[in-house]
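Dear colleague,

I am handing over a structure that I would like you to look through. The model comes first, and my notes on it follow.

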Amino acid sequence: MSGECYFCHGLVLSGERDHIVLDGHADHQVYLHERCAAGRNVIEGSAESSERTVTCPECGVVETR
Ligand SMILES: [Zn+2]
Ligand SMILES: [Zn+2]
């Protein structure tokens with residue numbers, strides 16, 4: 001499964017370590033590069049921490065990952 005990054009429109013591959021997919025949203029799937037999301041304050045928490053939250057740029061729902 002792959003898709004376009006919401007921010008840079010580059011291809012996001014599900015095999016990449018660097019990818020984020022928000023798929024729990026009824027009418028949209030959102031693909032993000034972690035580096036793109038990080039630059040826009042979409043991700044809260046550090047990469048070292050197991051607990052991070054990601055804000056969906058499409059609908060604003062906050063997911064805990
Ligand atoms: Zn990107
Ligand atoms: Zn959403």
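With 8 C-beta neighbours inside 10 Å, N41 counts as exposed, where a residue is exposed if 12 or fewer other C-beta atoms lie within 10 Å of its own, buried if 20 or more do, and partly exposed in between, with C-beta atoms placed from the backbone. The place of N41 is in the loop between α1 and β5 (43–44), and its phi is near 55°, a positive value in a residue other than glycine. Most residues other than glycine have a negative phi.

A positive phi is also found at H9, where the value is near 65°. H9 lies in the loop between β1 (2–4) and β2 (11–13), and H9 counts as exposed because it has 10 C-beta neighbours inside 10 Å.

Before going further, please bear in mind that this is a predicted model, in which local features need pLDDT of at least 70 and side-chain atom pairs count only at pLDDT 80 or more, while totals for chains, interfaces and linings use all residues. Residues are numbered from 1 along each chain as its sequence is written, while chains are lettered from A and ligands numbered from 1 in the order in which they are written.

As to the overall architecture, the protein chain has 1 helix and 7 strands, which follow one another along the sequence as β-β-β-β-α-β-β-β; helices (H or I, at least four residues) and strands (E, at least two) are DSSP runs, numbered from the N terminus. The radius of gyration, taken over C-alpha atoms, is compared with a globule rule of 2.2 Å times the number of residues to the power 0.38; for 65 residues a compact globule would have a value near 11 Å, and the 11 Å of the protein chain agrees with this. Along the principal axes, the C-alpha atoms fill a box of roughly 25 × 25 × 20 Å.

Turning to the interior, buried residues make up 18% of the 65 residues in the protein chain. The largest nonpolar core has 12 residues in all, among them Y6, I20, L32, A37 and V54; such a core is a set of buried Ala, Val, Leu, Ile, Met, Phe, Trp, Tyr and Cys residues joined through C-beta atoms within 7 Å. Two or more residues of this core come from each of β3 (19–22), β4 (30–33) and α1 (34–38), and β4 gives the most, with 3 residues.

Leaving aside residues up to four places away in sequence, I20 touches L32, E34, A37 and V54, a contact being two residues whose C-beta atoms, placed from the backbone, lie within 7 Å.

With best regards
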